[in-house]
Amino acid sequence: MWETSKSIGAVKLLRMFVFVVLVIVKWVEGFANGNVTDMQYVSGRGFYNRPLLVGLTLINGAAAKGAVCLDGSLPGYHFHRGYGSGSNSWLIQLEGGGWCGTVRNCIYSKKTRHGSSYYMEKQIPFIGILSNKAEENPDFYNWNRIKVRYCDGASFSGDSQNEAARLYFRGQRIWQAAMEDLMSKGMRYANQALLSGCSAGGLASIIHCDEFRELFPRTTRVKCLSDAGLFLDAVDVSGRRSLRNLFGSVVTLQGVRKSLPRSCTSRLNPILCFFPQHLIASVQTPLFLLNAAYDTWQVQASLAPPSADYRWNWYDCRKNYARCSAPQIQYLQGFRNQMLRATRGFSRFRKNGLFINSCFAHCQSERQDTWFAPDSPHIGNRGIAESVGNWFFDRFSVQAIGCPYPCDKTCHNLIFK
């Protein structure tokens, strides 16, 4: 009887161990595919009543060009027409949503809104930089505003496929099909245009910035904004480079090399050219970098992911910056210093803009409370929306870098459940 009970106990213990391992594996895989802006956070801010809801438009001619989502479905965007003084001004925002660098993860993604238009919301709220209210978005509220949905898993830059898994890596073609469709709907007459993007979309706005400029006559004012797209090739807490491994698998699996600027790939490994720090110096078009110095996605998925945090020393710090120990804060200060070094040469050019605040945040142009609100983050006496507007319209040069944590009291820091 005792032997039987002992065996049953061992089986239960083994089952519990397997369950815990599976949970950890799923969590790690989620970081490879995930985007912090999709995760629920403890805050109460960032969501406003009755925002403008804009419907999804599928690009009907895309399939004939091979421009399809991971599952072969049509790509799409949300488009709200401009009016008045903004009727010939265009703002394109490229959606973010992480990356998939393995067949397994891409198969998972193709059953979500980041891999198939079948799962995309039919309407989404336009807030922050996409808001149609002057009191929420003073410089761009009456522009033609478009959000291009993300469903390729490689920052709109892959061009390959995996027939066995029925996966289509067509991010570059989706980008081209979306731009061609919008040009036919009036964007070719633009007198000014801004390409923006958040997270994986922020990386895409850097990769495609000069391509975007080439769509328009030289008389058109064209600039690019990357929000939370300054992903660094940083060493993680285990001494390895988790993000380089992920980016390497994405570049290889999805055939990204062809979409990367030759100014970079002619001198560096294509995997390194997927990192913005190696791209920004060669972008000819005026570019604005908006980034949190302690980018929460990079903290959670690049610097201290569960796969590198063997003893779970970073578990509390990952979820809540206030629970970080002094050595952990010192480590994060080193990451901030690396970000400032990466942008040093970039910021010397007056055409470029910079807003790096010392916050624990990710994607600050998409949320109303961080983009433009009475208590939105500031550096000096200017917030994010005002800084981007001043730079775009050449009102002032913007090279704003906030003081290191914890001195910035205007931050809207993210805390995760």
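Why does Asp233 count as buried? Its relative accessibility is 9%, so Asp233 falls in the buried class (buried is under 20% relative accessible area, exposed over 50%, partly exposed in between; 1.4 Å probe, protein chains only).

1. Basis. This is a predicted model, in which local features need pLDDT of at least 70, side-chain atom pairs count only at pLDDT 80 or more, and totals for chains, interfaces and linings use all residues. Residues are numbered from 1 along each chain as its sequence is written, and side-chain values use heavy atoms, with hydrogens and water left out.

2. Asp233 and other salt bridges. Asp233 meets Arg241 in a salt bridge (3.5 Å, N to O). The term requires a side-chain nitrogen of Lys or Arg within 4 Å of a carboxyl oxygen of Asp or Glu. Arg241 is partly exposed, at 29% relative accessibility. By this rule the count comes to 17 salt bridges. Among them is Glu214 with Arg218, with closest N and O atoms 3.8 Å apart; both residues are exposed. Glu95, Arg113, Glu121 and Arg149 are linked in a network.

3. Helix 3. This helix covers residues 171-184. Helices (H or I, at least four residues) and strands (E, at least two) are DSSP runs, numbered from the N terminus. Ten of the 14 residues are buried, so helix 3 is largely enclosed by the rest of the structure. The buried residues include Trp175, Asp181 and Met183. They pack against several elements, including strand 8 (192-198) and helix 5 (209-214). Gly186 follows helix 3, with a positive phi near 120°.

4. Strand 8. Seven of its seven residues are buried. Gln192, Leu194, Ser196 and Cys198 lie on one side, and Ala193, Leu195 and Gly197 on the other. Strand 8 pairs in the parallel sense with strand 3 over six bridges and with strand 9 over seven bridges. Pairing needs at least two DSSP bridges between the strands. Gln192 is the bridge partner of Ser89.

5. Asp227. This residue sits in strand 9 (residues 221-227), opposite Cys198. Asp227 is buried yet has no salt bridge; Lys147, the nearest side chain of opposite charge, is 9.4 Å away. Lys and Arg count as positive, Asp and Glu as negative; His and the chain ends are not counted. What does the side chain of Asp227 make a polar contact with? The partner is the side chain of Ser365, at 2.6 Å. A polar contact is a pair of N or O atoms within 3.5 Å; within protein, one must be able to donate a hydrogen and the other to accept it, and residues adjacent in sequence count only if both atoms are side-chain atoms.

Technical notes
Expected span 1.5 Å × (residues − 1). Contact = heavy atoms within 4.5 Å.
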